[in-house]
Amino acid sequence: MTPTATVLLVFGRGVVADDHGYRLTAEGVARTRAAVGYVRAHAAEFRAAPDARVVFTGGWPHGPAGAPDPPAGCREGELMRALARDAGLDAYARLDAETRSRTTLQNLALTVQDGLLGAAGFTAAHPLGLVSHPWHLPRIRLLAARALGLRGAQLLDVPVTGPDAVPAGRERAARVACRIGYLGLRTPEALLRRERGLTRAAHRVERLLGTRGFGARRAG
């Protein structure tokens, strides 16, 4: 029998800003609804679990460069939590929001740093539930092994149904980059430092290529 995960970690999929304010993408809504559906399907287990909780993760992942952060209450994790609360999910579990992250690694590492997973020890009998689209879950598992020290049956996939097209090649490349870039690292702090270093290096390469590209066009 498949065990029930009474602690869920829900991964965001973007925030849209327009003239009407801030709102979740359709994919972010789908992930929130998947969490709601899972909890309702296992309502008895959630009500019986002393530390049952759902943590929604995400800050401002797709904001344009230089754009101000959304105001309080409009970060990705907060918007997902509000949607879940409107659906009555707080009758079954504690609802928390991690609102600083911009990447999948940060979703995991900052959730740990903020103490949002509680004191529960995750095992095969009591796994941590990961709520996201199927293409995303393998990379989450890879990073969870490093950031949380959890792997295999200690993690339970809660896949989201519905469209979310991501090129398979791009996602495979992202997983390879994670395996190589974070090799040997085992703490959230070390992983975040490495991510910052990799991001700075990528930006330097982009600037270098951009400058050379401009020069080539001028010469032509």
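**View 1. The second largest pocket and the residues around it.** L198, T199, A202, H203 and E206 line the second largest pocket, which holds about 160 Å³ of space. Welcome to a predicted model: local features need pLDDT of at least 70 and side-chain atom pairs count only at pLDDT 80 or more, while totals for chains, interfaces and linings use all residues. Residues are numbered from 1 along each chain as its sequence is written, and side-chain values use heavy atoms, with hydrogens and water left out. A pocket here is an open set of points on a 1 Å grid over the protein atoms alone where a 1.4 Å probe fits, with protein on both sides within 12 Å along at least five of seven lines; lining residues have an atom within 4 Å of a point. Its volume is the space filled by probe spheres set on the points, which are joined across faces, edges and corners. This lining divides into two nonpolar residues, two polar and one charged.

**View 2. The largest pocket.** Here the volume is about 690 Å³. The lining has 31 residues, and R102, T103, T104, H136 and R139 are the closest to the pocket centre. By type, the lining has 10 nonpolar, 13 polar and eight charged residues. Helices are DSSP runs of H or I with at least four residues, and strands are runs of E with at least two.

**View 3. The largest nonpolar core.** Such a core is a set of buried Ala, Val, Leu, Ile, Met, Phe, Trp, Tyr and Cys residues joined through side-chain atoms within 4.5 Å, where buried means under 20% relative accessible area (1.4 Å probe, protein chains only). Among its 29 residues, L8, F46, V54, F56, L89 and V131 touch the most other members. Helix α1 gives the most to this core, with six residues. Apart from it lies another core, of 25 residues, including V7, L143, C178 and A190.

**View 4. The aromatic pair.** One aromatic pair turns up in a search of the whole structure. The ring centres of Y38 and F46 are 6.3 Å apart and their planes stand at 85°, so this pair is edge-to-face. Rings of Phe, Tyr and Trp (its six-membered ring) pair if their centres lie within 6.5 Å; planes under 30 degrees apart count as stacked, over 60 as edge-to-face and the rest as tilted. Y38 and F46 are both buried.

Conventions
Nonpolar A, V, L, I, M, F, W, Y, C, P; charged D, E, K, R; others polar. Buried < 20%, exposed > 50% of the residue type's maximum accessible area, 1.4 Å probe, protein only.
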